[in-house]
Amino acid sequence: MNTKTCAPAPESAANTPEPLVSVIITCYNQGQWLHEAIQSILDSTWKSLEILVYDDGSTDPATIAAFDGLEARFPKTRLFHQRNQGVSLTRNRGLHEANGEFILFLDGDDRIAPDYLASAMALFARRPDTCVVTGDFCVFQDGEEPSGQKALHWETFNHAAFITHGGIPVTSLFRKTMGLRIGGFSRVLNRIAGEDFDFWLSLYEKNPNFQFIPAVCLYYRHHGVSRNGHNPKRLFSRVYQILHHPRLYLSHPGAFVSVFTDFMLRRLKRRFSRKHS
């Protein structure tokens with residue numbers, strides 16, 4: 001399958017060094033897919049990069065085996081082990097330890113399109129006031145090859161849809177200085193859900209100039225241990241996000257309607273289940 005889907009970017013000037021991109025991979029018991037994730041980065045047409053892999057206290061034998069000889073097998077890659085801390089704290093550690101001017105997070109079971117980084121960096125070069133560059137993504141089932149079907153179908157960044165529903169993946173590119181400026185990911189949402197959406201909302205409040213690549217830039221793997229989906233804790237995270245960003249949501253009342261509707265539907269579903277149990 002040809003996964004080269006992002007639009008090609010112009011080549012940099014010969015004497016201008018390319019900015020370093022730090023790709024931070026968090027991995028907890030995702031060893032069977034980790035090598036595939038790393039290889040997708042190394043296959044990128046953007047070559048000025050480093051890969052930081054964080055083992056967040058993995059316990060399964062397949063993942064421990066995948067770490068063996070990782071740095072020798074994959075160039076530009078560093079491996080860090082730690083006790084289990086959760087995805088927010090692990091990403092925050094990577095944000096502080098990365099050497100790159102630009103940061104891209106990647107879960108250990110996903111992969112990126114070859115031209116994603118080059119296309120995103122071209123947008124940063126053409127529009128220096130850009131805060132975040134993101135793109136469309138393709139969801140695929142574990143054990144199957146991606147179809148290439150887009151999940152968002154946006155042509156440009158959809159500000160209203162983003163504030164109301166989120167939607168953009170954690171695998172979006174931003175400047176390290178901006179990530180540090182907002183304090184990284186929320187500790188409150190660590191081990192819950194929605195920490196990535198809250199992170200993007202914090203950046204959006206500082207600079208709403210988000211750019212969108214209308215092509216598949218990320219391949220998101222769906223399987224039994226995916227953190228996303230119908231997580232009951234997501235209602236808590238949505239309420240937290242509104243309380244954490246009140247000015248933003250006061251200017252977009254549709255988000256309140258979305259959260260309230262979700263809350264009522266969940267209550268009705270629980271009552272119906274109890275009544276017929």
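The side chain of Asp 55 makes a polar contact with the side chain of His 81 at 2.8 Å, a polar contact being a pair of N or O atoms within 3.5 Å, where within protein one must be able to donate a hydrogen and the other to accept it, and where residues adjacent in sequence count only if both atoms are side-chain atoms. This is a predicted model, in which local features need pLDDT of at least 70 and side-chain atom pairs count only at pLDDT 80 or more, while totals for chains, interfaces and linings use all residues. Residues are numbered from 1 along each chain as its sequence is written, and side-chain values use heavy atoms, with hydrogens and water left out.

| Partner of Asp 55 | Atoms compared | Distance |
|---|---|---|
| His 81 | side chain to side chain, polar contact | 2.8 Å |

Asp 55 is found in strand E2, residues 49-56 (strands, E, of at least two residues, and helices, H or I, of at least four, are DSSP runs numbered from the N terminus). Asp 55 is buried, with a relative accessible area of 7%, where buried means under 20%, exposed over 50% and partly exposed in between, for a 1.4 Å probe and protein chains only.

Elsewhere, nine of the 11 residues of helix H5 (residues 116-126) are buried, so the helix is largely enclosed by the rest of the structure; among the buried ones are Tyr 116, Met 121 and Phe 124.
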